[in-house]
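Here is a friendly briefing on a protein structure. Take a look at the sequence and the model, and then read through the topics one by one.

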Amino acid sequence: MKENQYVLAIETSCDETAVAIVKNETELVTNIVASQIESHKRFGGVVPEIASRHHIEQMTITLEEALSDAGMTLDDMDAITVTEGPGLVGALLVGVNAAKSIAFSKDKPLVGVHHIAGHIYANRLEKEFEFPLLSLVVSGGHTELVLMREHGSFEIIGETRDDAAGEAYDKVARTLKLPYPGGPQIDRLAQEGEETIDFPRAWLEDGSYDFSFSGLKSAVINRLHKAKQRDEYLKPEDVAASFQASVVDVLSTKAYRAAEEYGVKQMIVAGGVAANKGLRAALKEKFKDSETELLIPPLHLCTDNAAMIAAAGAVAFNQGHRAGWDLNANPGLDLELYGSRKHNSK
Amino acid sequence: MNILAIDTSNYVMGVAVLKEGAVAGEYVTNIKKNHSIRLMPAIDQVMKETGTKPEDLDRIAVAHGPGSYTGVRIGLTTAKTMAWSLGIPVVGVSSLEAVARQGAFFPGYVCPFFDARRGLVYTGLYRADMTIEKAEQNILMKDWLNQLKDLGEPILFLSQDLKVHEEQIKDILGEQAVLPNAPYQYARPSIIASSAQELEPGPLHELVPNYLRLPEAEAKWLEQQEKK
Ligand SMILES: [Zn+2]
């Protein structure tokens, strides 16, 4: 690696158009995020076609803002990295084609990055990794426990069998008629309520690190339905607190058990739901006497951003990974496969 | 002036390099598949074979729709971001006009169209000198043809989707309609490049696709707002 290495990253997998620059793998130079959340609010969720339309309107503006914020030019960049997947295909396509265009025009190396690898690597902008480490990835589309024995290698030891945790939050929020996005709303209500309803916890079979949230989601919806039929008043704060208690209990308990079993040095929380106050508190409590160091990224690195893609992309780049001009959006990109692909090209 | 032209707005994927007004190279395929994978390798090939480096370019031209939403965005993202990276202007050319120019020497009106499903088309009407007679729109083909009938003059129809609408065109317009064979029915990127040469480039960030249609979710939402 030369003395100072700069990596530019583009992330457009969902409803944020984001560009960032990271220096020497771990130092954040700039992190610009153009959020579309206001535009999608009226539909109660992200509309893929509208997301794609916003991305193309915002792409070059966001790129320019990032460079001017950093006081740098494209010539200063050593690599162009981009989220290749998973995500919404039309949204990903804007970022992928923008990244290819920069790399081609300025004759720079191009690297495709897995979105979840990015979420995990967001933490490395705060604290150096120590292997082996475990990452609990929780977002609107993902609930996974990922074991990393070294840089760029990802082993999924547990994942959701149905809904992602974030999805369950959104559905319960909709039932409680909370505005979009529902996750933070439930978290806020839960802080004001008490766990008065005993919702089920899906532990699954002994020793499994998999998750399941669809049963819990149905239990909440059924309970609300029953209350309505009986004219019984349930405080939304208490429903939110009871629902959240079930989710964070399962997440933090399984994360803790896995950390013990694999003897990991660090436990990293990643993804949008890592911003959840209830989850943060439960994990802190579980790990307070543990040998394993618990790392939770600051809020601006939990939600989708390009700094995390730059952080993961810089490592991939330094491990020798390169994409060709035929790089495509890959909405179903597999994390383990992505990791092994990188190793093969070392 | 050296111009790179890009068109991925419909079935055709086209790349051309124009140098001082002459066509140096042109690459066209007519398969609506994998534009995202194949576009940059095609640009790389045409640029290499014509001995053009990215920094030799003075302008980028792009077909900005209407057409396939995704296709239009692939071409436009590439054109805008290349132009932005190189610090040169980008010019958008209507995908319909690009097709219309294939009929630039026809004595009468030229009508390019793209099928937009459920009897609808994206279309517009051009005179032989490429001035616009009827603005681009998303309209029922039947209504459009009845409007054209009133013009009374011969009309050249240019479209890859001719087969879908051929019967109706002949039914309504009879002898008034002229339907050429395949090579005239799609846009050529070199024609997009030469049109772009004449145009005044606008602000780069403001170049956006011309979809001619709202996203379905937004159309429904607006409908509901009106009912309220
Ligand atoms: Zn994410």
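In chain A, strand S7 (residues 143-148) and strand S8 (residues 155-159) pair in the antiparallel sense over 4 bridges. Strands here are DSSP runs of E with at least two residues, helices are runs of H or I with at least four, and both are numbered from the N terminus. Two strands count as paired if DSSP finds at least two bridges between them.

This is a predicted model, in which local features need pLDDT of at least 70 and side-chain atom pairs count only at pLDDT 80 or more, while totals for chains, interfaces and linings use all residues. Residues are numbered from 1 along each chain as its sequence is written, chains are lettered from A and ligands numbered from 1 in the order in which they are written, and side-chain values use heavy atoms, leaving out hydrogens and water.

**The S7-S8 hairpin of chain A**

- A:Leu147 has A:Glu155 in S8(A) as its bridge partner.
- The hairpin of S7(A) and S8(A) has 6 residues between the strands, and A:Gly152 takes a positive phi near 75° there.

**Strand S1 of chain A**

- Strand S1 (residues 6-11) of chain A is largely enclosed by the rest of the structure, because 6 of its 6 residues are buried (under 20% relative accessible area, with a 1.4 Å probe and protein chains only).
- In a regular strand, side chains alternate between the two faces of the sheet.
- Both faces of S1(A) are covered: A:Tyr6, A:Leu8 and A:Ile10 are buried on one side, and A:Val7, A:Ala9 and A:Glu11 on the other.
- S1(A) pairs in the antiparallel sense with strand S2 (residues 16-23) of chain A over 6 bridges, and a hairpin of 4 residues joins the two.
- Within this pair, A:Val7 stands opposite A:Val22.
- S1(A) also runs parallel to strand S4 (residues 79-85) of chain A, joined by 4 bridges, and A:Ile10 has A:Val82 as its bridge partner there.

**The open sheet of chain B**

- Five strands of chain B form an open sheet in the order S8-S7-S6-S9-S10, with mixed pairing.
- Strand S8 (132-140) and strand S10 (177-178) of chain B stand at the edges with a single partner strand each, so one side of each has no neighbour in the sheet.
- Strand S6 (residues 109-115) and strand S7 (residues 120-127) of chain B pair in the antiparallel sense over 5 bridges, with B:Val110 opposite B:Tyr126.

**A loop residue of chain B**

- B:Asp56 lies in the loop between helix H1 (35-49) and strand S4 (59-63) of chain B.
- With a relative accessible area of 31%, B:Asp56 is partly exposed (between buried and exposed, the latter being over 50%).
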